[in-house]
Every structure is written in structure tokens, then in C-alpha cells.
Amino acid sequence: MSDAQSGLGQILATTPVIPVIVLDDADLALPLAHALLRGGLRVLEVTLRTPAALAALRTMRQLADAIVGAGTVLNPEQYDEAVGAGAQFVVAPGLTGALAAAAARSRVPLLPGTATASEVMRARDAGFHVMKLFPAEAVGGVATLKAFASVFADVRFCPTGGITAETAPDYLALRNVACVGGSWMTPADAVTARDWNRIEQLAARACALRR
């Protein structure tokens with residue numbers, strides 16, 4: 001396993017759940033990150049789905065206790081922008097040759113998305129042994145990961161997509177799951193209302209899922 005993949009594995013091992021964050025207002029990044037940290041969640045994924053994402057990522061990187069990554073990275077240009085904004089890891093919904101090449105030349109590790117056995121095999125051939133299963137629930141979720149466990153014994157997953165507070169424990173019980181990703185800790189209505197206490201409580205309950 002490469003140093004980058006080893007480092008990514010260590011990051012994922014620090015948390016049971018990674019909040020998948022979508023922000024339209026970068027000014028909310030700092031109080032949101034503080035609420036998640038108070039709840040015990042240190043690893044944060046800011047998705048590059050809004051114009052405010054890179055600014056939000058830069059803001060969260062001001063917090064020494066936070067490990068901040070960029071999600072929904074689709075191409076090498078976004079990879080470079082995320083690294084330039086301070087991302088400590090990068091998450092993609094899939095894997096292309098161009099993204100694999102960008103990861104190979106970067107000090108910042110990539111968590112590539114996979115959904116099928118063929119995609120897992122291609123990612124392994126490209127040197128990845130820590131992967132995202134996406135969209136987890138839509139591609140079979142726990143059943144798929146159980147099937148992958150014996151075939152890809154050297155691969156660990158961070159399943160994301162459709163996972164909830166109720167279903168997360170089923171994933172975390174699997175030996176090939178490092179952690180899960182989800183958005184239930186940062187519901188849009190709570191973020192808009194600046195209800196940081198609610199977000200802290202949701203984060204604390206997610207953190208308590210630690211095995």
C-alpha cells in the first residue's frame with residue numbers, strides 16, 4: 001500500500017462517520033465545523049457542489065483539530081483546486097484515469113468511488129486499497145460489502161450514499177468498512193437556521209457509533 005493510501009486509512013480510522021457537507025454560504029463554515037468538532041467528529045468532507053465550497057474548506061482548515069477533505073471531485077482541475085484550498089484528502093464519486101494520475105502526483109490522498117466488482121478491481125490495479133462505495137444503498141449496501149469482503153480481502157471501504165443514523169451501525173459492523181459517510185448530521189434546515197446545538201447533538205450521536 002502506498003504512503004498516501006496508508007495515510008488515508010489512518011484518517012478514516014479516526015472516525016466512525018464523516019459528515020458530507022454542502023454549504024451555500026462560506027460564512028457558516030466555521031460555526032458548523034465548531035459544532036461538529038464539539039460533537040466529536042474531526043474528519044469533515046466539504047463537497048465541491050456549490051460556489052462557496054472552496055472558501056468554506058479554506059475556513060475550516062483554520063481549525064487545528066479538524067481534518068478537512070474535499071468531496072465530489074470530478075477531474076484533475078478540481079483536485080488541484082481542492083489541494084490549493086488546503087484539502088487533506090480528496091473524495092471522488094468514481095475513478096477515471098485522469099483522476100488516478102492526479103492522485104499519483106499529489107501528496108494529498110484520493111478516496112475513489114466504486115460501485116461494482118469491476119470498478120474495485122480497476123481501482124486496485126491503480127494502487128488503491130481504500131475506496132468509497134457509492135451510492136451505497138442504491139448498489140446493494142451491506143449485502144454488496146459482505147460479498148466484496150472475501151473477494152477483496154485487502155480492500156476497505158467508506159460507504160456513502162443514502163446511509164442514515166439508523167442504518168449506519170449495520171455498515172460499521174462489517175470488517176471491511178473503515179467508516180461511513182453521511183449528511184444526516186448537517187440537515188439543511190438546521191444549517192440554514194444556524195441551529196448549532198442540534199448539529200452538535202447529531203454529531204455526538206454519530207460519534208457514539210464508534211466500534
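## Conventions

Axes are lines fitted to C-alpha atoms, for helices over the stretch in contact, and angles between N-to-C directions run from 0 to 180 degrees. Helices (H or I, at least four residues) and strands (E, at least two) are DSSP runs, numbered from the N terminus.

This is a predicted model: local features need pLDDT of at least 70, side-chain atom pairs count only at pLDDT 80 or more, and totals for chains, interfaces and linings use all residues. Residues are numbered from 1 along each chain as its sequence is written, and side-chain values use heavy atoms, with hydrogens and water left out.

## Helix H2 against H10

Two packed helices are described by the angle between their axes and the distance between the axes. The angle is about 40°, and the axes are 7 Å apart. That makes H2 oblique to H10. Here angles under 35 degrees count as roughly parallel, over 145 as roughly antiparallel, 65 to 115 as roughly perpendicular, and the rest as oblique.

H2 passes H10 in a right-handed crossing. A crossing is right-handed if the near helix is turned clockwise from the far one by less than a right angle, and left-handed if anticlockwise. H2 contributes Pro31, Leu32, Ala35, Leu36 and Arg38 to the contact. H10 contributes Trp196, Ile199, Glu200 and Ala203. Contact means heavy atoms within 4.5 Å. By class, the residues of this contact are seven nonpolar, no polar and two charged. Ala, Val, Leu, Ile, Met, Phe, Trp, Tyr, Cys and Pro count as nonpolar; Asp, Glu, Lys and Arg as charged; the others, Gly among them, as polar.

Side chains of opposite charge can pair when their charged atoms come close. Arg38 and Glu200 form a salt bridge, 3.0 Å from N to O. The salt-bridge rule asks for a side-chain nitrogen of Lys or Arg within 4 Å of a carboxyl oxygen of Asp or Glu. By this rule the count comes to three salt bridges.

## Helix H2 against H3

The crossing of H2 and H3 is right-handed.

On the H2 side, the contact holds Ala29, Leu30, Leu32 and Ala33. They meet Ala56, Thr59 and Met60 in H3. The contact residues divide into six nonpolar, one polar and no charged.

Two strands pair if DSSP finds at least two bridges between them.

Strands S2 (residues 43-47) and S3 (residues 67-71) run parallel and are joined by five bridges. Val43 has Ile67 in S3 as its bridge partner. Thr72 lies in the loop between S3 and helix H4 (76-84). Its phi is near 55°, a positive value in a residue other than glycine.

## The three-stranded sheet

Another open sheet has three strands in the order S6-S7-S8, again with parallel pairing. Its edges are S6 (113-114) and S8 (156-159); each has a single partner strand, so one side of each is left without a neighbour in the sheet. Four bridges join S7 (residues 130-133) to S8. Leu133 stands opposite Pro159 in S8.

Helix H7 (residues 141-151) lies across S7 and S8, at about 150° to S7. The loop between S7 and H7 holds Pro135. The peptide bond from Phe134 to Pro135 is cis, with omega near -10°.
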